[in-house]
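Colleague: I've got the sequence and the model open side by side. Can you walk me through the labels and tell me what stands behind each one?

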Amino acid sequence: MALTLKNNLIFAAVLVVVLSCASQAWSRSLNELASMNERHEMWMAKYGRVYKDNAEKEMRFKTFKANVEYIEAFNRAGNKPYKLAINEFADLTNEEFQESRNGYKRPYSSNPKSSEMSSFKYENVTAVPSTMDWRTKGAVTPIKDQGQCGCCWAFSAVAAVEGITKLSTGKLISLSEQELVDCDTSGEDQGCNGGLMGDAFEFIIQNKGLTTEANYPYEATDGSCNKAKSASHAAQITGYEDVPSKNEAALLKAVANQPVSVAIDAGGSDFQFYSSGVFTGDCGTDLDHGVTAVGYGTSDDGTKYWLVKNSWGSSWGENGYIRMQRDIDAKEGLCDIAMQPSYPSA
Ligand SMILES: *[C@@H]1O[C@H](CO)[C@@H](O)[C@H](O)[C@H]1NC(C)=O
């Protein structure tokens, strides 16, 4: 009897414990739901996001929740050398994000100028420093933000021109992407609908220069060319060359000497939410984004990386930059970074 009573008491105690755990779990999941809503509200406030109605808000909340869950599970797993963050793109699906942000237009045929006729002035470079960071040499302007306009190609080309201008004149001048978006329209480049860095260099050569950001500020939308502003040149280039394709060693020689425009595959959601560390993929499956390689180095754990300037504002990545794993296969490189690099001469 005593034994039974004791058993019952133990049973009761266990039951209480189980119940209280269950109810804690229950209230925790309610809290989680509530806090996900709160987190969405706080996130909206932080990034100034406004939805047109409740239906849109509900739809965006679902995407936000799915992204937060993915990001937190990724970071908890901790099995990659990079971290993700709930950044300003957290209410966009990866497809939506790619549509609005990228805009590197893969050439229809490989550019004949490049593969056949282009020489590579750094081919005989033998000694390259073990690390390079063009920011510390004053050759990189602050991070810019292309907004919802697929003109990454203009930002990539402009950053490379800003770099060579600093190296050739000693002056770092922020130059105009909007001039390229509005005025470089007679060839393949199509403003917010995409373009190519090589074609942007070609435009700057033909136009005999590019004006300043201050004179022709960025609008994140297609506009008509302001010819007067476009004729007021602040920087000039004499030509441009392609780095031999699929050759990370050649890319190293070039980046050791100046900032270089590179096309990459930025299609994955890990790229969308990248926040820090050396990015090792996954990448998507197509060259779709133009950025600028502004250095290289080796991380504390010995991973070699390219230092890449992006144009998605400074809240993305490492203050607007990403370190991408380098020397992965001596060919295309991570996210095809060594497929189509090019640089201007001045
Ligand atoms: C590299 O060296 C080779 C052999 O000396 C020479 O023919 C070539 O013109 C050089 N290339 C450049 C870009 O200077």
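**Labels and what backs them**

Modeller: Let's begin with helix 7, where the buried residues are M197, G198, D199, A200, F201, F203 and I204. Keep in mind that this is a predicted model.

Colleague: What makes helix 7 mostly covered?

Modeller: Buried means under 20% relative accessible area. In helix 7, seven of its 10 residues are buried. Just after helix 7, K208 takes a positive phi of about 65°.

Colleague: Why is the F155 and Y218 pair called edge-to-face?

Modeller: Two checks. Ring centres have to lie within 6.5 Å, and planes over 60 degrees apart count as edge-to-face. For F155 and Y218 the centres are 4.9 Å apart and the planes are at 85°, so the pair is edge-to-face. The pair links distant parts of the chain: F155 belongs to helix 5 (residues 152-169), while Y218 is in the loop between helix 7 and helix 8, 63 residues apart.

Colleague: How do you know that F155 is buried?

Modeller: The relative accessible area of F155 is 6%, and the cut-off is under 20%, so F155 is buried.

Colleague: What makes the F74 and Y82 pair tilted?

Modeller: Planes under 30 degrees apart would be stacked and over 60 edge-to-face, with the rest tilted. F74 and Y82 have 35° between the planes and 5.1 Å centre to centre, so the pair is tilted. F74 is buried, and Y82 is buried too. Both sit in one aromatic cluster that has Y70, F74, Y82, F89, F97, F271, Y274, F279, W312 and W316 as its members.

Colleague: Which contact does the side chain of T141 make, and how do you know that T141 is buried?

Modeller: The side chain of T141 makes a polar contact with the side chain of E162, at 2.7 Å. The cut-off for such a contact is 3.5 Å. T141 sits in the loop between strand 2 and helix 5. With a relative accessible area of 3%, T141 is buried.

Colleague: On to the strands. How do you know that strand 6 and strand 7 pair?

Modeller: Pairing takes at least two bridges. Six bridges join strand 6 to strand 7 (residues 304-309), so they pair, and they run antiparallel. G295 stands opposite L307 in strand 7. In the hairpin of these strands, which has five residues between them, G302 takes a positive phi near 90°.

Colleague: What else pairs with strand 6?

Modeller: Strand 2 (residues 132-133) pairs with strand 6 in the antiparallel sense over two bridges, and Y296 is the bridge partner of M132. Strand 4 (residues 260-264) is joined to strand 6 by five bridges, also antiparallel, with V262 opposite V291.

Colleague: What makes strand 6 mostly covered?

Modeller: Nine of the 10 residues of strand 6 (residues 289-298) are buried.

Colleague: Why is K246 called partly exposed, while C335 counts as buried?

Modeller: K246 has 43% relative accessibility, so K246 counts as partly exposed. C335 has 6%, so C335 counts as buried. K246 has a positive phi of about 55° although it is not a glycine, and C335 has a positive phi of about 55° although it is not a glycine. K246 is in the loop between strand 3 and helix 9, and C335 is in the loop between strand 8 and strand 9.

Colleague: Last one: which residues are around the ligand?

Modeller: Around the ligand are F120, K121, E123 and N124. That shell divides into one nonpolar, one polar and two charged residues. A polar side-chain atom of E123 lies 2.9 Å from a nitrogen atom of the ligand, and an N or O atom in the side chain of N124 is 2.3 Å from an oxygen atom of the ligand. Taken alone, the ligand exposes 360 Å², and the protein buries 32% of that.

Definitions and conventions. Residues numbered from 1 in each chain as written. Predicted model: local features only at pLDDT ≥ 70, side-chain atom pairs only at ≥ 80, totals over all residues. Heavy atoms only, no water. Near = heavy atom within 4 Å. Polar contact = N/O pair within 3.5 Å; in protein donor to acceptor, adjacent residues only side chain to side chain. Areas by Shrake-Rupley, 256 points an atom, 1.4 Å probe, with all protein chains shown as cover. Nonpolar A, V, L, I, M, F, W, Y, C, P; charged D, E, K, R; others polar. Buried < 20%, exposed > 50% of the residue type's maximum accessible area, 1.4 Å probe, protein only. Helix = DSSP H or I, 4+ residues; strand = E, 2+ residues; numbered from the N terminus. Phe/Tyr/Trp six-rings, centres within 6.5 Å; stacked < 30°, edge-to-face > 60°.
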